[in-house]
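Trainee: Could you show me how to read strands, helices and a ligand shell in a model like this one?

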Amino acid sequence: MIQLQQVWKTYSLESGPVNALQDISLTIPDNSFSAIIGPSGSGKSTLMCLIGCLDLPTQGTITLNGRNISKYSEDELAKIRGKMIGFVFQKFNLIPTLSALQNVMLPMMFQGTNQKVREKKAQELLTFVGLASRLSHRPSQLSGGEQQRVAIARSLANDPDIILADEPTGNLDSVTGTKIIELFQKLHSQGKTIIFVTHDTKMKQYAQNVITLRDGQLTGG
Ligand SMILES: Nc1ncnc2c1ncn2[C@@H]1O[C@H](COP(=O)(O)OP(=O)(O)O)[C@@H](O)[C@H]1O
Ligand SMILES: [Mg+2]
């Protein structure tokens, strides 16, 4: 379970402070499928970075499975991220010089998994996302939807409990985007907690739990 209590995130700029998030309190239950929805600039990515242990709140408390992570060091946050959280981004963020297989193997290397196990697991994950026949393709040799599938396979490499996806369908046509959402639904049915961020209000229909943001504040529905 992820819990935010009275969380603020303030960026200090020369022109003055920017409150990217103001007084956010919310709970994301285990094995839920949540959407964070709001227009551009509403604070979605900032919220995702806090939930994903990529950044710390300026004020307030964030609890992950009962642990208060609000004041963790960068090292402690990195450990939690590596074990518990998988990330998927709008621009896929694959390494262009590596094959699909190598891209999926990479996060396991950082966790110290041995080569044979990494390769087998990466193959299984790429098969799961429907890319068994694309293992040695580099990102530039894949379509956008295929690249996002590789990114999803990579996000699963270290068996995270939580998948965080920031505008995962933003660079895809709507048919391909729907397929990607279906893949998240499949992961959800296997027990993962899925949180996706989008500016597209139509995507509400896919989530059980909808969190709407405007100007850094929660709005009701
Ligand atoms: N690193 C930063 N420094 C200063 N301001 C930022 C930073 N990141 C985001 N912001 C500001 O915080 C607000 C929310 O940004 P963001 O979370 O990226 O929104 P969204 O993802 O919904 O488009 C915006 O006004 C943005 O300009
Ligand atoms: Mg954003």
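Mentor: We'll go through a strand, its partners, a helix and then the ligand shell. This is a predicted model, where local features need pLDDT of at least 70, side-chain atom pairs count only at pLDDT 80 or more, and totals for chains, interfaces and linings use all residues. Residues are numbered from 1 along each chain as its sequence is written, while chains are lettered from A and ligands numbered from 1 in the order in which they are written.

Trainee: Which residues of strand 8 are buried on one side and which on the other?

Mentor: In a regular strand the side chains alternate between the two faces of the sheet. Here Thr 193, Ile 195 and Val 197 are buried on one side of strand 8, and Ile 194, Phe 196 and Thr 198 on the other. Buried means 20 or more other C-beta atoms within 10 Å of the residue's own, exposed means 12 or fewer, and partly exposed is in between, with C-beta atoms placed from the backbone. Strands (E, at least two residues) and helices (H or I, at least four) are DSSP runs, numbered from the N terminus.

Trainee: In what sense does strand 8 pair with strand 3?

Mentor: Two strands pair if DSSP finds at least two bridges between them. Strand 3 (residues 33-37) pairs with strand 8 in the parallel sense over five bridges, and Ala 35 sits opposite Phe 196. Strand 7 (residues 162-166) is also parallel to strand 8, with five bridges, and there Ala 165 stands opposite Phe 196. From strand 7 the chain passes through helix 6 (residues 174-189) to strand 8 in a right-handed β-α-β crossover; with the strands pointing away from you, that path runs clockwise.

Trainee: Which residues of helix 4 are buried?

Mentor: An α-helix has 3.6 residues a turn, so residues three or four places apart point the same way. In helix 4, the buried ones are Arg 118, Ala 122, Leu 125 and Leu 126. They cover an arc of only 95 degrees around the axis, so they lie on the same side of helix 4; the arc is taken from the directions from the helix axis to the C-beta atoms. The face turned away from that buried side carries the exposed Lys 116, Val 117 and Lys 120.

Trainee: And which element gives the most to the shell around ligand 1?

Mentor: A residue is near a molecule if its C-beta atom, placed from the backbone, lies within 6 Å of it. Among the residues around ligand 1 are Tyr 11, Val 18, Gly 43 and Lys 44. Helix 1 gives the most, with three residues.
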